[in-house]
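I opened this entry to keep track of what I looked up, taking the pairing of strands and then the contact between the chains. My notes follow in the order in which I went through them.

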Amino acid sequence: MNMNNIWFIMKREFNGYFATPVAYVFIIIFLLLCGFSTFFVGNFFERGEADLYPFFSMHPWLYVLLIPAISMRLWSEERKNGSIELLMTLPVSVFEAVLGKFLAAWAFTGLALILNFPLWITVNYLGSPDNGVIFTGFLGSLLMAGGFLAIGACISATTKNQVISFVLSLIVSLIFVLSGYGIVLDFFSSWAPLTLIDAISSFSFLTHFDAISKGVIDMRDMLYFISLIMVWLFANAIVINARKAD
Amino acid sequence: MTLRIEIEDLAKYFGEIKAVDGVSFSVNKGEVLGFLGPNGAGKSTTMKMITGFLAPTRGTVRVCGHDVLTDPIAVKANLGYLPEGAPAYADMTPDSFLKFIADIRGLTGADKKRAVQSAAERARITQVMFQPIETLSKGYKRRVGLAQAILHNPPVLILDEPTDGLDPNQKHEVRTLINEMAHDKAIIISTHILEEVHALCNRNVLIANGQVQFDGTPHELESMSRYHNAVCIAAADVEANAFSTFLNALEFVAEVEALSSERGFRVYPAEGKQITAELSQVVRDNGWQIDSLYAEHGRLDEVFRTLTTNKS
């Protein structure tokens, strides 16, 4: 694997986000929704606690909606305008391209996440939070975003239509979040064996993200997201390899 | 002669459709191979397999000795490819696009700068280097694609319809560029514009229905025409019937046809031989005044039609 190629593809893709207003629109909407969900849905002030839990706890839901908007263009656009033929006939391997594109989208999401730093300043001004917990929260949120992006990138590789890519990614992401949500688990708990319920909930982003966002670093949660990203990126490479042309 | 591209029994089936069905040919350094055929004949599919974009159903492709299936990266490093329609990243400028290509091609520092500069100059896109590619005209887009293909001075060039959609001046510029590069590269150019056979190529492969119908020089292609070496002749102040009878009686003449536009005749030679000198001599010896006389080389469009349609 040629690291330089991954870097060049990532750089091109990352700059591509800023070639159109899409990047700015996305960042502004993301920041507005983060602020809104923290203060109004998460009751940041009423809780009277010096932490960013209300901020992080809404991230799975924000990502379900917004991450597909970042990932939908990764491969669909290449297919649509034929540049996939150019990219795949340059001396780069499929996996280098897959990784480069994914890392670009991930870096972009990371940038949007970091731009929430006024919230961090606010909470430090108002009280004395455990900044270690907040740091873990950021890390966990970034890992989870990577999971959503890997799903979206793989789905984007299957179609040349960005709208289809967006909708499918949203649905699959939603499944991965909902499988840990109380109502869904209650539905199963009345009849299904406990092991099945555990299996379903163990696939959920919510289950694994909740602990991290509270500052608990469990290697299993980390591994869950990392292996999830790797599996979806591997699938992404297989999809591109199997059908490059159409 | 150095063998640069070797293709053996290459085939690509899309389900029941045999897009390419057993194509073999090879290209040497210094050859510009005009890849001819009607739309849908399998030209683009063959090129996509040479460049490693499509995996063949069977057969092998070697570029500069590297097999495209076992060592695709080495093959891709040795070629420059202009895909059909010259796709590029529309939101980039030619400058940033070419720099990206140079990065991927492993060029750095002064080499990178020189390569981008030289490719832009040779493709004549220096005036538009900082405009987004999506705002450029079709001709410029095509030339950006061409600049991308020649940027790393590859030993092998694969150009899929490089002059399609260009105006006559742009076509001329692109042909000049290709001719400049021809001597030290192996080049495959697909086209259905027959005038390019002479303007560009020193060899032709014609395919139809996924199979090679012809492989040879442009001259050989022309000589398959029934017009090859035919002579058009018009004589002054003659009675048409008498002249026609006279021409028909000559032993080296196979057939005589009256031309509708002029008062002349087209004389087809027996066994496709060159008869111009002989004919003019005989005609003058018999006291006819020649008004005009010219030999035909053959008509590519007619050969093209014959080779691509009589297979069914």
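**Strand pairing and chain contact**

I began in chain B, where I found Ala208(B) opposite Gln211(B), the latter in strand 10 of that chain. I kept in mind throughout that this is a predicted model. Strand 9 and strand 10 of chain B are antiparallel to each other, and I counted five bridges in their pairing. The hairpin made by these two strands of chain B has two residues between them, and there I noted that Asn209(B) adopts a positive phi near 50°.

I then turned to the other partner of interest, strand 3 of chain B (residues 32-36), which runs parallel to strand 9 (residues 203-208) and is joined to it by four bridges. Within this pairing I looked up Phe35(B), whose bridge partner in strand 9 is Val205(B).

Next I traced the whole sheet of chain B, which is open and mixed, with six strands in the order 6-7-8-3-9-10. Strand 6 (79-82) and strand 10 (211-216) of chain B are the edge strands, and because each has a single partner strand, one side of each lacks a neighbour in the sheet.

Last, I examined the contact between the chains, to which chain A brings 19 residues and chain B 20 residues. On the chain A side, helix 1 (3-18) and helix 7 (83-87) each provide at least two residues, and helix 1 gives the most, with four residues. Sorted by class, that side of chain A holds eight nonpolar, eight polar and three charged residues.

Notes. Residues are numbered from 1 along each chain as its sequence is written. Chains are lettered from A and ligands numbered from 1 in the order in which they are written. This is a predicted model: local features need pLDDT of at least 70, side-chain atom pairs count only at pLDDT 80 or more; totals for chains, interfaces and linings use all residues. Two residues are in contact if their C-beta atoms, placed from the backbone, lie within 7 Å. Ala, Val, Leu, Ile, Met, Phe, Trp, Tyr, Cys and Pro count as nonpolar, Asp, Glu, Lys and Arg as charged, and the others, Gly among them, as polar. Two strands pair if DSSP finds at least two bridges between them.
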